[in-house]
Amino acid sequence: MPTPRRRRSVLPLTLSATALLVPLATACSGGASGDAADGGQRLRVVMAFPPAQAMSPYGDDAVTLSRLAVIEGLTTLDRDGAAKPALAASWKRDSAKEWTFTLRKATFQDGTKVDAAAVVRSLNAAEKASPKPRVLSDTGLTASAPGAGTVRIVTDEADPLLPQRLANPSLTILSAAAYADGKVNPAGHATGPFTLAAVKGAVSATLERNDAYWGGKAKAPGVDVTFVADGTARANALRTEAVDVAEYVPISQASLLGDGLVHEFPSARTNGLSLNTEHGVFADPAMRAAAREAIDSKALVKAVYEGRADTAQGLLGPGIPWAADARTAPVDRAKAADKAQVAKTKEIVLATYTNRPELPEVATVVQQQLSKRGFTVKQVVRDYAQLEADALAGKYDAFIQARNTLLDTADPVSYLASDFTCDGSFNISQLCDKRVDTDVNKAAGTAGTDARHTAAAAAEADVLGTDALVPLLHERFVQGYDDSRVRGVSLDPMERTLITADTHVG
């Protein structure tokens, strides 16, 4: 799939901006959205993706819970994607496959204590879940409790990324009561600064402050959430002050809202042109090089994104802070075919999907740029679900996608392995290159943050050298809130946080 946050099917919502003007207390059971009795003002938040799995932590709903500061894991991530303490105060690697985590003193939202038994229960339940969370799809783990305050985790294979992996929202730690009826229910059983108090289907949710939060009481007494798939409706709700925070403002609405309400920042998502290296015109490296030379990233950013994107810098964009310094130039690139040679080739099929509204426009501009170079281009634009199987089977010459390059472990090596190695599960370009495989495997086994970054950058250069994917641009996220009255909103390139204990009105 192009990105974890877009995988699930979104239930069609007919809520309009007018509907959002109704006080959110009518949709949520958490009380009025004005001044609360215990001080402070409740936050009103409109989110783009309604719950799809009854708030199960094992799917994309876990990201929603994380963005609303309801759930936590043993670790969290800093801006560079490195692990830092959360429910685990510290950890050490005992051997290639064995780790010991020391827990901090914390309490679940239902009043029970966070201890090793609870952590073991949660991690082993995730390991046994069906379907298994994506973050565990390439590894297995077993947790045990050598003491009340320590947890031992053994992985099936050597996993230098385990601390980062444990920060994934699907590996949240919940109390025993969350598992009482055979299903996993995080409501009231997590550890975050806000407690999930009520969910009204795909329409709304109510959060209340967790006064026993180990990190200190949240500044807002609660959060009233509505789920609205229509981006224009979300933007209108922000414009009319029906909400305090609007998630994912569409590019088309950003300029209309103005800088005081729009906050854009680099993301880890790269829009790229995957070229079929196995069959057709682009099996010839010279033709791939010609396609690369045809692409004008600046024109794409200006024409489609109104300047609210970053020009292509590589596979890894500015949403990954360390990437620019670690990047090395590709070597041994093929010489590009000239226009006369390109003109002799057969028609190529360029595909993309409608689920992200900018991509069909990107495809039109890319078609024009390729045509100027001499290619004859036919477009195929459909819903993603109708394209994925054919794209993975190599039935298109070129495919435009928006890809999260940090995936589930906040580490680009997983992305490089899945998209560009011979056995990669998402290898749309059909690339199979010995040097790429060797350097990706080397990066996967490298421990130590700086060394791993260097190894990942070397693998990135290998991929760029093949021209299997031509980077088009790097997306920016656009979140909406009035910065004159709303404080503490998290602008997170990895999309895991939005509302925090510090988010408040005033």
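How many of the 10 residues of helix H7 are buried? I began with this question and worked on a predicted model, in which local features need pLDDT of at least 70, side-chain atom pairs count only at pLDDT 80 or more, and totals for chains, interfaces and linings use all residues. Residues are numbered from 1 along each chain as its sequence is written, and side-chain values use heavy atoms, with hydrogens and water left out.

**Entry 1: helix H7.** I found 7 of the 10 residues in H7 (285-294) to be buried, that is, under 20% relative accessible area with a 1.4 Å probe, protein chains only. Helices here are DSSP runs (H or I, at least four residues) and strands likewise (E, at least two), numbered from the N terminus. I listed the buried positions as Ala286, Met287, Arg288, Ala289, Ala290, Ala291 and Ala294. I then noted that these residues pack against strand E12 (262-275) and helices H10 (339-343), H11 (358-373) and H15 (449-466). At the N-terminal end of H7, I recorded a cap by Asp284, with a side-chain oxygen 2.9 Å from the backbone nitrogen of Ala286.

**Entry 2: Ala455.** I located Ala455 in helix H15. Ala455 counts as buried because its relative accessibility is 10%. Leaving aside neighbours within four places in sequence, I found Ala455 in contact (heavy atoms within 4.5 Å) with Asp439, Ala443 and Thr446. Ala455 and Ala444 are 11 residues apart in sequence, and I noted 8.5 Å between their C-alpha atoms.

**Entry 3: Ser418.** I placed Ser418 in helix H13 (residues 412-420). Its relative accessibility is 11%, so Ser418 counts as buried. I noted that the Ser418 side chain reaches the backbone oxygen of Tyr415 at 3.2 Å.

Key. Buried means under 20% relative accessible area, exposed over 50%, partly exposed in between (1.4 Å probe, protein chains only). A polar contact is a pair of N or O atoms within 3.5 Å; within protein, one must be able to donate a hydrogen and the other to accept it, and residues adjacent in sequence count only if both atoms are side-chain atoms.
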